[in-house]
Amino acid sequence: MSAADLLAYQERHPRLFQQPPVPGPAGAGFPCAPAAPVPAATLQSGQSLRFVLPYPPSLNQIWRAIVTRRGGKIVARILLSQGGRAYRQKVITHVAGLDLPALPGGARLALHLHACAPDRRKRDLSNIPKALEDALTHAQLWADDSLIDDLRVTRGPITRPGHVLVTITPIPGATHDQ
């Protein structure tokens with residue numbers, strides 16, 4: 001399934017992409033259904049970024065634990081695996097080629113990931129966000145994934161080689177210092 005097919009799927013099944021209101025600074029909500037990408041220098045309030053990324057490897061494949069000795073003590077370290085580094089680089093290259101508008105500096109974000117797995121294996125949706133968020137942070141799409149206040153992950157149809165439809169919406173009036 002191509003990126004265009006995946007976007008067409010989203011248009012055919014809009015109820016899958018309807019998000020609950022995102023809380024604003026005073027508890028007010030706003031409808032944050034995905035919008036079309038905006039060809040502007042900076043994303044405006046109420047608008048969303050929407051793009052497709054490759055399906056991430058599982059968390060078990062991304063991280064590796066090693067045990068070393070440091071100063072006579074045994075120390076465990078968690079490292080990004082070669083597959084994790086390759087996925088991160090793939091996302092960085094892909095995002096750089098999209099020419100996306102900038103997110104407002106310091107804005108709190110709502111992130112919707114619509115995951116279309118590459119095969120029928122059982123997959124835990126909660127394993128998808130971390131690898132993707134970290135890769136988008138390294139792609140400098142946002143300052144840090146701690147800016148995400150609203151995270152939604154939904155399952156889509158099986159596609160080969162697998163995709164994730166990413167929708168990022170700034171939360172109006174909310175900033176990193178709140």
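Visitor: What share of the contacts in the protein with a separation of 6 or more comes from residues 24 or more positions apart?
Guide: The share is 77%, where a contact means heavy atoms within 4.5 Å. This is a predicted model, in which local features need pLDDT of at least 70 and side-chain atom pairs count only at pLDDT 80 or more, while totals for chains, interfaces and linings use all residues. Residues are numbered from 1 along each chain as its sequence is written, and side-chain values use heavy atoms, with hydrogens and water left out.

Visitor: Why is helix α4 called mostly covered?
Guide: A residue is buried if its relative accessible area is under 20%, exposed if over 50%, and partly exposed in between (1.4 Å probe, protein chains only). In α4, residues 128-138, nine of the 11 residues are buried, among them I128, L132 and L136. For the protein, buried residues make up 42% of 178.

Visitor: How do you know that strands β4 and β5 pair?
Guide: Pairing takes at least two DSSP bridges between two strands. Seven bridges join β4 (residues 107-116) to β5 (residues 148-155), and the strands run parallel. The chain goes from β4 through α4 to β5 in a right-handed β-α-β crossover. The crossover is called right-handed because, with the strands pointing away from the viewer, the path from the first strand over the helix to the second runs clockwise.

Notes:
Helix = DSSP H or I, 4+ residues; strand = E, 2+ residues; numbered from the N terminus.
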